[in-house]
Amino acid sequence: MKRIRSACLNMTVLFDCRQAYDQYMEGLAHKRIPCHVVSEQPQKGGGWLVSLKKPYNGYDYAGYFEAAKERS
C-alpha cells in the first residue's frame, strides 16, 4: 500500500495577456491557494509565460515552496 505524503504541481502556463495572468493569480488568492511564481516572462504578441508551483489536491506541500525560494 502507498500513501501520498506531499505533492506539488510544477506548471508552465501561457496566458494571452498580463491581465489574464493577474486574474488567475487573484482567483488563487481568493480561493486561498498558495503558490510560488518561479518565473514570468513577457512573450512576443502580448502573451505572458509563467512557471509556478502550487499544491496538488489539498495535499501537504511542505518543503516545495521553501526549496523554490532558496533557488530564487
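Okay, so first a definition: two strands pair if DSSP finds at least two bridges between them, and strands here are DSSP runs of E, at least two residues, while helices are runs of H or I, at least four, all numbered from the N terminus. What we have up here is a predicted model, where local features need pLDDT of at least 70, side-chain atom pairs count only at pLDDT 80 or more, and totals for chains, interfaces and linings use all residues. Residues are numbered from 1 along each chain as its sequence is written, and side-chain values use heavy atoms, with hydrogens and water left out.

Let's start with the hairpin. Strand S2, residues 36-42, runs antiparallel to strand S3, residues 48-55, and six bridges join them. Take Val 37: its bridge partner in S3 is Leu 52. Between the two strands sit five residues, and in this hairpin Gly 45 takes a positive phi near 85°.

Now for the rings. How many aromatic pairs does a search of the whole structure find? Two, where rings of Phe, Tyr and Trp (its six-membered ring) pair if their centres lie within 6.5 Å, and planes under 30 degrees apart are stacked, over 60 edge-to-face, the rest tilted. Phe 15 and Tyr 21 have ring centres 5.5 Å apart and planes at 50°, so that pair is tilted. Phe 15 and Tyr 24 are a tilted pair too, with 5.5 Å centre to centre and 50° between the planes. Together, ring pairs make a cluster of Phe 15, Tyr 21 and Tyr 24.

Buried or exposed? Buried means under 20% relative accessible area, exposed over 50%, partly exposed in between (1.4 Å probe, protein chains only). Phe 15 is buried at 10%, whereas Tyr 24 is partly exposed at 26%.
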